[in-house]
Amino acid sequence: MNNDVVYFSVNNWFCGRDYPKDEQFIKWLGNDLKQTFRDEEWVKENKLCVRYGYIDMSQNYCITAPREWVEKNCPKLLTDDEYEYDIISSVEGRKTYKGKYSDFVYKPDEEGNPPEDRFGWKFLEYSEENIGCEYYEEPYESEYDEDEDEDGTENE
């Protein structure tokens, strides 16, 4: 296992649930029109390997980073520290939850290969060639696909 690399995944949907309730992550993910982890220049300057794409209407990120970078820029990820956050819904009203910073960190598999995040996205291996941003698009699957042949006609 490479202890010099940290794998973490965040999504810009709900602060607290989908990314840490932390000033740095709010800065990086809080503005839907300016997502820091999609800024190729910034990502390369920081020597990160970022796979990004969409989950429904949110933006998802699998980030492979040098441990030194994480220790400097978001050290709480390396702890089990807890935080509280609220989600307001029309059904349940305001509800308070607890999260851990370490919930966003993923471990390599038994052979030391990059892990998958909660959506099944594979992290990039940390290497010079992978530094930068890589767009990821999941293959489209429809609940109706099972009812169609390869030519698009319906099965009977």
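I began with burial: of the 156 residues of the protein, 41% count as buried. I note that this is a predicted model.

Next I looked up the secondary structure. I found three helices and seven strands. Following the sequence, I wrote down the order β-α-α-β-β-α-β-β-β-β.

I then turned to the cysteines. How many disulfides does the structure hold? I found zero. I checked Cys49, which has a relative accessible area of 0% and is buried. I also checked Cys62, and its relative accessibility is 0%, so Cys62 counts as buried. The cut-off I used for buried is under 20% relative accessible area.

On the surface I looked for charge. Which residues gather in a patch of negative charge? I listed Asp80, Asp81, Glu82, Glu84 and Asp103. Is Glu84 buried, partly exposed or exposed? I noted partly exposed, because the relative accessibility of Glu84 is 46% and the exposed class starts over 50%.

I also looked for nonpolar side chains on the surface. I found a patch formed by Trp13, Phe14 and Met57. Together these residues have about 350 Å² of accessible area. Where does Phe14 lie? I located Phe14 in the loop between β1 (5–11) and α1 (23–29).

Conventions. Residues numbered from 1 in each chain as written. Predicted model: local features only at pLDDT ≥ 70, side-chain atom pairs only at ≥ 80, totals over all residues. Heavy atoms only, no water. Disulfide = S-S within 2.5 Å. Buried < 20%, exposed > 50% of the residue type's maximum accessible area, 1.4 Å probe, protein only. Patch = residues over 30% accessible without salt bridge, like charges linked within 9 Å, V, L, I, M, F, W, Y side chains within 5 Å. Areas by Shrake-Rupley, 256 points an atom, 1.4 Å probe, with all protein chains shown as cover. Salt bridge = Lys/Arg side-chain N within 4 Å of Asp/Glu carboxyl O. Lys, Arg positive; Asp, Glu negative; His and termini not counted. Charge placed at Lys NZ, Arg CZ, Asp CG, Glu CD. Helix = DSSP H or I, 4+ residues; strand = E, 2+ residues; numbered from the N terminus.
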